[in-house]
Amino acid sequence: MAVTVTEAAARHINKYLEKRGKGVGVRLGVKTSGCSGMAYKLEYADDLSAEDVVFESQGVKVLIDPKSLAYLDGTELDFVREGLKEGFTFNNPNAKNECGCGESFNI
Amino acid sequence: MVLLQLSEPGESPDPHQHRLAVGIDLGTTNSLVATLRHAVPECLPDVDGRVLLPSVVRYHRDASTAVGVDALAAQVADPRNTVASVKRLMGRGLADADAGMRARYDLVDAGGMVRINTVAGLRTPVEVSSEILQVLRQRAEDTLGGEVEGAVITVPAYFDDAQRQATKDAARLAGLNVLRLLNEPTAAAIAYGLDKSAEGIYAVFDLGGGTFDFSVLQLSRGVFEVKATSGDSALGGDDFDEALSNYLQEKARGADLDCGSARALLVEARRVKEALTSHDSVAAEVPMAADGTRQIMVTAEEFHHLTQPLIERTLQPVKKALRDAGLKPSDIQAVVLVGGATRMPHLRRAVEAFFGRPPFIDIDPDKVVAIGAAIQANVLVGNRQEGEDWLLLDVIPLSLGLETMGGLTEKVIPRNSTIPIAKAQDFTTFKDGQTAMAIHVVQGERELVQDCRSLARFELRGIPPMPAGGARIRVTFQVDADGLLSVSAREQTTGVEASIAVKPSYGLSDEEITQMLQAGYQHASTDMHLRALREQCVDAERLLEATRQALNEDAHLLNAAELAHVEQNMTALQALVQSADTAAIKAGVDALSAATGEFAARRMDQAIRKALTGNRVDNLPI
């Protein structure tokens with residue numbers, strides 16, 4: 001089981017962690033939203049919980065709770081730029097279909 | 001596609017729930033827009049990477065406009081129609097417009113308010129400002145990929161009601177919802193987090209391109225009050241450029257400069273001034289009237305000596321403000337520097353010497369006001385609870401949620417949420433004409449209700465009969481500071497409501513909570529598959545129910561063979577629902593959907609025919 005980040009994502013995560021001034025890495029997760037469908041969580045991680053699974057990719061610590069990992073295994077976190085817009089995307093091999101905007105998905 | 005942002009722990013927004021809020025520094029010389037990206041405040045650049053938008057608007061004959069750098073470039077060629085420093089005219093009548101603005105533009109009095117006569121017609125200062133705000137709003141929306149929900153716009157502390165109202169009007173005209181107008185010095189203090197520091201007295205020293213403002217703020221219980229303001233509306237970084245430019249001209253001993261090279265010299269003086277911030281000496285290229293340029297070395301010391309009188313001039317209003325507030329320099333707990341001109345090292349030294357403490361300089365002085373406004377906007381739009389940083393709160397040990405179709409749990413409040421907390425979610429009916437809904441409140445991390453702890457059950461009755469999915473039932477979970485959970489359900493159209501209160505932690509020991517958590521982790525993978533299966537079953541049931549309903553009403557639209565085909569697919573799906581094969585059920589659902597496609601089309605036709613029969617075309621509600 002693994003979750004990875006691209007070089008571009010790592011660069012931005014490190015930049016923002018530095019700007020924010022604290023945090024050990026990022027926490028990825030999923031949460032159910034609405035009657036069916038999942039939404040991604042992407043947050044700063046300030047401390048490690050006992051049950052967290054930790055991956056190290058491109059020098060970035062990625063923390064995931066085991067429940068979310070079931071949905072995210074094999075995911076690659078990327079950072080993309082479209083015109084003035086920029087932000088993170090999840091390339092999740094488990095996701096069967098996504099809503100039009102890519103904010104929520106189904107297994 | 002939406003690109004995700006990093007959030008603070010526990011603050012990931014729900015999908016489609018991002019509330020975009022911006023802070024705008026609408027300045028005399030330059031304007032900026034800032035927002036929180038990845039939970040960090042940032043000024044947003046344009047496509048060319050420029051953060052500062054020159055506050056200049058040029059009007060063309062065809063009423064089109066250019067804003068920013070392009071307008072600034074046209075200032076020399078088309079001065080009358082290129083409006084700069086419009087902030088000086090906001091909320092002002094012709095009588096109180098300053099002499100400089102009157103000399104530069106064709107100002108007209110219209111109903112007590114000043115208007116600017118341009119090639120595109122009369123324009124109010126409000127309209128000119130709104131052109132600038134529109135560009136910033138567009139920049140924010142292009143960058144963030146959504147509509148801006150609200151904006152905090154900064155104004156000088158000395159702005160009166162008319163000037164503030166004019167600023168609000170400009171924002172509204174630009175399609176911005178103004179959350180609040182914020183005093184510029186207060187915004188700068190917020191950018192440094194001073195609102196979360198100890199109560200006390202702070203000073204903001206703001207030396208911009210053409211104006212100087214000094215403010216004394218008093219912080220009590222997280223709120224800033226402006227104790228005193230003073231300044232000089234004709235003193236700024238430009239005066240330092242001019243002093244240096246005169247000096248260079250003298251040193252070059254050239255003949256009188258023509259208009260064009262005087263401007264070029266001013267631009268060069270500005271470059272030298274900026275370079276002297278980090279260098280001890282800089283070579284200036286002075287344009288000569290005859291031809292070519294002449295190189296003149298300028299040392300930092302020379303520049304400092306040359307501009308010392310200007311520095312002294314900034315300290316006069318500072319002393320006055322302190323005197324007005326009855327304070328000594330040592331009473332000030334921190335001094336914040338704002339404005340590009342405060343980068344000059346000798347100015348910083350003068351401020352430090354006066355107050356006896358080094359000023360705050362960590363945040364870019366050009367951006368600090370916009371950043372403070374962005375932080376405030378983010379709080380006001382509800383993305384962040386004010387005060388959460390220093391309040392120590394309890395957390396919920398296990399997620400709280402309710403049962404949805406198929407025996408699945410829907411978590412409404414996730415575990416580790418700080419209390420007190422309230423969260424609402426909308427649910428709907430599953431069947432046509434459904435008039436009641438059972439609400440089953442559960443606690444735990446597992447996906448299936450049977451694996452979670454049941455806390456309470458209650459029913460919402462009196463839902464008006466509607467097609468399945470038509471009702472909007474808002475279920476609100478609220479946990480108070482004592483950990484007491486109350487759940488209420490309210491049908492939105494009729495307002496019928498039912499509720500219940502429970503104590504979720506009642507009867508649970510720490511070990512039991514730990515056990516429930518661990519079970520959640522151990523069964524993560526099975527739970528995931530079970531959830532997918534149950535969701536597919538719910539889908540299948542919904543389709544079967546709808547088909548049954550349709551056959552009841554309109555079976556006559558199908559011939560015997562077609563009817564048999566539909567029924568055969570229904571029976572097949574019915575059997576599959578009992579199996580535990582998610583993929584097979586999905587295939588069955590797809591097959592039944594395909595088999596009923598033609599049936600659905602005929603029903604639609606029939607419904608339209610019914611609606612049209614006996615109606616004249618002009619009676620139809622179109």
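**Two chains, helix by helix**

Tutor: Start with one pair of helices: α12(B) and α14(B) cross in a left-handed way. The model is predicted.

Student: At what angle do helix α12 and helix α14 of chain B pack, and is α12(B) parallel or antiparallel to α14(B)?
Tutor: Helix α12 covers residues 524–554 of chain B and helix α14 covers residues 582–595. Their axes are 9 Å apart, and the angle is about 20 degrees. Angles under 35 degrees count as roughly parallel. That makes α12(B), relative to α14(B), roughly parallel.

Student: Which residues of α14(B) make the contact with α12(B)?
Tutor: From α12(B) come Ala532(B), Leu533(B), Gln536(B), Cys537(B), Asp539(B), Ala540(B), Leu543(B) and Thr547(B). By class, the contact has 8 nonpolar, 5 polar and 2 charged residues. The residues from α14(B) are Thr582(B), Ile585(B), Lys586(B), Gly588(B), Val589(B), Leu592(B) and Ser593(B).

Student: Is α3(B) parallel or oblique to α4(B)?
Tutor: Helix α4 of chain B spans residues 161–173. The axes of α3(B) and α4(B) are 8 Å apart, and the helices pack at about 50 degrees. Under 35 degrees would count as roughly parallel, and 65 to 115 as roughly perpendicular. The angle therefore makes α3(B), relative to α4(B), oblique.

Student: Is the crossing of α3(B) and α4(B) left-handed or right-handed?
Tutor: Look at the residues that touch. α3(B) gives Pro125(B), Val126(B), Glu127(B), Ser129(B), Ser130(B) and Leu133(B), while α4(B) gives Ala166(B), Asp169(B), Ala170(B), Ala171(B) and Leu173(B). They divide into 7 nonpolar, 2 polar and 2 charged. The crossing of α3(B) and α4(B) is right-handed.

Student: Within what arc do the buried residues of α9(B) fall?
Tutor: Helix α9 of chain B runs over residues 345–355, where Leu347(B), Val351(B) and Phe355(B) are buried. An α-helix has 3.6 residues a turn, so residues three or four places apart point the same way. Seen down the axis of α9(B), the buried residues line one face of the helix, so they fall within an arc of 55 degrees.

Student: Is Ala39(B) buried or exposed?
Tutor: Ala39(B) sits in the loop between β2 (30–37) and β3 of chain B. Its phi is positive, about 65 degrees, although Ala39(B) is not a glycine. Around Ala39(B), 20 other C-beta atoms lie within 10 Å. The cut-off is 20 or more, so Ala39(B) counts as buried.

Student: Is Ser85(B) buried or partly exposed?
Tutor: Ser85(B) lies in the loop between β7 (82–84) and α2 (99–104) of chain B. It too is not a glycine, yet phi is positive, near 55 degrees. With 19 other C-beta atoms within 10 Å, Ser85(B) is partly exposed.

Student: Is Arg50(B) exposed or buried?
Tutor: Arg50(B) belongs to the loop between β3 (40–43) and β4 (53–54) of chain B. From Arg50(B) to Val69(B) is 19 residues in sequence and 9.7 Å in space, C-alpha to C-alpha. Arg50(B) has 12 other C-beta atoms within 10 Å, so it is exposed.

Student: Which helix gives the most to the side of chain B that touches chain A?
Tutor: The contact takes 32 residues from chain B and 37 residues from chain A. In chain B, α3 (125–144), β21 (408–413), α11 (510–522) and α12 each supply at least two residues. The chain B side divides into 15 nonpolar, 10 polar and 7 charged residues. The most, 5 residues, comes from α12(B).

Student: How many helices and strands does the secondary structure of chain B come to?
Tutor: Chain B has 622 residues, and 38% count as buried. Among its contacts between residues at least 6 apart in sequence, 65% join residues at least 24 apart. The secondary structure of chain B comes to 15 helices and 28 strands.

Student: In what order do the elements of chain A run from the N terminus on?
Tutor: Chain A has 107 residues, of which 37% count as buried. Its secondary structure comes to 2 helices and 9 strands. From the N terminus on, the order is β-α-β-β-β-β-α-β-β-β-β.

How values were computed
Residues numbered from 1 in each chain as written. Chains lettered and ligands numbered in written order. Predicted model: local features only at pLDDT ≥ 70, side-chain atom pairs only at ≥ 80, totals over all residues. Axes fitted to C-alpha atoms, helices over the stretch in contact; angles between N-to-C directions. Helix = DSSP H or I, 4+ residues; strand = E, 2+ residues; numbered from the N terminus. Parallel < 35°, antiparallel > 145°, perpendicular 65-115°, else oblique. Left-handed = near helix turned anticlockwise from the far one by under 90°. Contact = placed C-beta atoms within 7 Å. Nonpolar A, V, L, I, M, F, W, Y, C, P; charged D, E, K, R; others polar. Arc of directions from axis to C-beta.
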